[in-house]
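Hello,

Here is the structure I promised to pass on. Please look it over, then read my notes below.

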Amino acid sequence: MSRLIHLHDPVERFVVGTVGMPGERTFYVQARSGNRITSVVLEKVQVASLADRLEELITDVSQRLHIPVPEPGPTDLDPLEVPLVEEFRVGAIAFGWDPTRDQMLFEMHAQGADDDVDPTEIADEDDGPPILRVRTSVEQAVDFITRTRLVVAAGRPPCPFCQQPLDPEGHICPRANGYRR
């Protein structure tokens, strides 16, 4: 079976969003080009890490090429677009700077039966797990970081004592010898 590559080049909208209540949210990355929408599922920690690492890469590229980091534009607070169809769950993420086009390139690889394989080694093979491949401008990448941080922070508030997430009913706090907070 040939590999399915969801290509968005250029992408019109590239955002993170969630479905569900805090503590039970499912995190999506969604790309739209024209009428084509691709939505993939990630874990919260993957989304947060992606934003942090992407910011580091943009800072590094701007310092090396002596270009200013663009200021975030107006934050896209619109909901995820429908129909919201999960194409796959992300197992590996790769991203980088394409100096020939002055763009960011993202690749999100589906979880596969053989997750020990480096996805960058099999990116152009005919067989393998599906891929979401997206090209963005630096401005779009900065806006992606801004929205991602807002979405991640919108979860459950931390316990003031142990910093674990608080459920609406509270939780059993290890710092309070097991008393419910």
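Predicted model: local features only at pLDDT ≥ 70, side-chain atom pairs only at ≥ 80, totals over all residues.

Residues are numbered from 1 along each chain as its sequence is written, and side-chain values use heavy atoms, with hydrogens and water left out.

Sheet. Seven strands form an open sheet with mixed pairing, in the order β1-β7-β6-β5-β4-β3-β2. The edge strands are β1 and β2 (13-19), and each pairs on one side only. From one strand to the next, the twist averages 30°. Strands are DSSP runs of E, at least two residues, and helices are runs of H or I, at least four residues, both numbered from the N terminus. Two strands pair if DSSP finds at least two bridges between them.

Helices. Helix α1 (residues 44-65) packs on the sheet and touches β2, β3, β4, β5 (86-98) and β6. Its direction makes about 15° with that of β5. Helix α2 (residues 138-153) lies across β2, β3, β5, β6 and β7, at about 10° to β2. Contact means heavy atoms within 4.5 Å. Axes are lines fitted to C-alpha atoms, for helices over the stretch in contact, and angles run from 0 to 180 degrees between N-to-C directions.

Strand β7. Six of the six residues of β7 (residues 131-136) are buried, so the strand is largely enclosed by the rest of the structure. Buried means under 20% relative accessible area (1.4 Å probe, protein chains only). Ile131, Arg133 and Arg135 are buried on one side, and Leu132, Val134 and Thr136 on the other. Strand β1 (residues 5-8) runs parallel to β7, joined by four bridges. Ile5 has Ile131 as its bridge partner. Strand β6 (residues 103-110) pairs with β7 in the antiparallel sense over six bridges. There, Leu105 stands opposite Arg135.

The largest pocket has a volume of about 260 Å³. Of its 16 lining residues, Gly23, Arg25, Phe27, Lys44 and Arg156 are the closest to its centre. A pocket is an open set of points on a 1 Å grid over the protein atoms alone, where a 1.4 Å probe fits, with protein on both sides within 12 Å along at least five of seven lines; lining residues have an atom within 4 Å of a point. The volume is the space filled by probe spheres set on the points.

Best wishes

How values were computed: Buried < 20%, exposed > 50% of the residue type's maximum accessible area, 1.4 Å probe, protein only.
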